[in-house]
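Me: I've got a structure to look over and a few things I'd like to sort out. Can we go through them one at a time?

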Amino acid sequence: MSKALLLDSIPVIVYVLLLFWIGFKATRPQADEDEFLLGGRSLTIPAFVATLVSTWYGGILGIGEFVYTSGLVAWVVMGLPYYLFALLFALFLAGKIRQADTVSIPDIMYRRYSRKVGLLSGVFIVLMTSPAPYILMLAVLLRYFFHTSLLTAIVSSAFFSMIYVYWGGFRSVVQTDKLQFIFMFAGFLLLLIFLVHILSPVTLFQKLDSTHRSLKGNLSWQNITVWFFIASWTFIDPGFNQRCAAARTAQIARKGIVISVLFWFAFDMLTLLSGLYAYVLLPHIEPLMAYPAIADRFLPPIARGLFFVGLFATIMSTIDSYTFLSAMGIGRDIIYEFLGRGREKESTGYVKIGLIITGIIAVIMAYTMPSIVELWYNLGSLFIPPLLLPILGAYLRPFKMRAGVAFILMTGSFAIGLFFLIWGYGHALNGSVQYPFGVEPFFPAMIYSLAVFSLAKIVLQGKNF
């Protein structure tokens, strides 16, 4: 091991030891369902903000890839609309979720609709929250930093991000997220301190080409529109739902989201500037490795290790959260609903089984993951149209619908989106996806959902719609 790598490893080792110490210290022996899944519904504003903010950035290398290849438009489509939908979530849904005293999105779907709707939403949530892409991203980073094999890095990423969650549940996730929140901001601040001394921000923007300075970038208006509506993912995101359900009060849930938006904006500015610096100072590198490459080139030993800790923390905070959410989906919302309902104390055992299943599936999937940006785009196109209106209907009277309507809407919308997606990739030309009539899958799937909802509301008006 070289002296530079040895020095860089010191902050990483300290971080890992702190992470495990905090994660296991948060364990509560004999925790009941409410304690294991939601931390006893006791989140204060600092804890709420730390866990929500840190969980939202697991695809940090994908952000770097997007900024490096497209410029300012990366913030336009992956920052600005999310602030808007998060504020709408705080205004209309956060308080209602806390007052409903549910555990998860499928939980409210079982209660408000039917077992079929609850099960279908559970399957969708499991697919949405798979930690596989983030485990792969952490593995790529570990491989870059420690020069290990990809298989070793993938298995290590899955194991170390799951073990303390297995014992401590949601409380371990929250307590470790507090540490990761600090490291993710500190890492990028440290990087920018060094970069600003090399090249001023003013000179940086002068050196950008017209595409990277443009708010439209290299995207079509159809792409930008789809990306904007993909931000409505916020409404169906199980992480948002879980944290609102775990807040001490409805007011904490609402205020916590508003404060989180301010931190998201601050972190977006740090990552945007860092990505633009990478584009100007390091042309012709692999875009996915923009952040590691610029840190490797311009940071001295130990400082470089601290920045990598920031990257590790940003990804790890999402892996443990999504692993736990996926485990809840498999263990509680699917297996437990059909095998263990009525034996409330045993639900945590099913979640732990779900955690093991999640880890195995994630390791297998990590070998076949495409670009993280492409994955976000496709997952949003597939799952937002079938889930958005039924979830809103579970909480808001104007969107209320019958269980049968919800099931028809969800199955048809998903099928249409999946058909367009398969067709597009099946007829790709020179690596370019060719959708039917040139229409992105999101639009026909969402139009179908709106049509079914509107038609049912007209036909069943005044008949317990």
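Predicted model: local features only at pLDDT ≥ 70, side-chain atom pairs only at ≥ 80, totals over all residues.

Me: Where is His147, and is it buried or exposed?
Reply: His147 also has a positive phi, about 60°, without being a glycine. Look for His147 in the loop between α10 and α11. With a relative accessibility of 63%, His147 is on the side of the cut-off that counts as exposed.

Me: Where does α1 bend, and by how much?
Reply: Helix α1 covers residues 3–25, which is 23 residues. From first C-alpha to last it reaches 33 Å, close to the expected 33 Å at 1.5 Å a residue. There is still a bend in α1, with the proline Pro11 following within four residues of it. The bend is at Ser9 and comes to about 30°.

Me: Which elements cover the buried residues of α1?
Reply: The buried residues of α1 include Leu5, Asp8, Ser9, Pro11 and Tyr15. Further along α1, Leu19, Phe20, Ile22 and Gly23 are also among the buried ones. Their cover includes α10 (132–146), α11 (150–198) and α19 (303–339).

Me: Is Thr323 buried or exposed, and what is it in contact with?
Reply: Thr323 belongs to helix α19. Its relative accessibility is 0%, so Thr323 counts as buried. Leaving out neighbours within four places in sequence, its contacts are Pro131, Met162, Leu355 and Thr358.

Me: How many cavities turn up, and how much space lies in the second largest cavity?
Reply: The search takes in the whole structure and keeps cavities of 30 Å³ or more. That gives 2 cavities. The second largest cavity holds about 70 Å³.

Me: Which element gives the largest share of the lining of the second largest cavity?
Reply: Residues in the lining include Ile105, Pro238, Leu325, Met328 and Asp333. By type, the lining divides into 7 nonpolar, 4 polar and 1 charged. The largest share, 4 residues, comes from α19.

Me: Is Ala295 buried or exposed, and which residues is it in contact with?
Reply: Ala295 lies in helix α18, residues 290–298. At 0% relative accessibility, Ala295 is buried. Setting aside neighbours within four places in sequence, Ala295 is in contact with Leu191, Arg304, Phe307 and Phe308.

Me: How many Å apart in space are Ala295 and Ser326?
Reply: Along the sequence, Ala295 and Ser326 are 31 residues apart. C-alpha to C-alpha, the separation in space is 33 Å.

Me: Is Asn378 buried or exposed, and what does it touch?
Reply: Asn378 is in helix α21, residues 372–395. Its relative accessible area is 11%, and buried means under 20%, so Asn378 is buried. Not counting residues up to four places away in sequence, Asn378 touches Leu421, Tyr425 and Tyr435.

Definitions and conventions:
Residues numbered from 1 in each chain as written. Heavy atoms only, no water. Helix = DSSP H or I, 4+ residues; strand = E, 2+ residues; numbered from the N terminus. Buried < 20%, exposed > 50% of the residue type's maximum accessible area, 1.4 Å probe, protein only. Contact = heavy atoms within 4.5 Å. Expected span 1.5 Å × (residues − 1). Bend = angle between axes of the 7 residues up to and from the residue. 1 Å grid on protein atoms, 1.4 Å probe; cavity = no way out; pocket = protein on both sides within 12 Å on 5 of 7 lines; lining within 4 Å. Points joined across faces, edges and corners; volume = space filled by probe spheres on them. Nonpolar A, V, L, I, M, F, W, Y, C, P; charged D, E, K, R; others polar.
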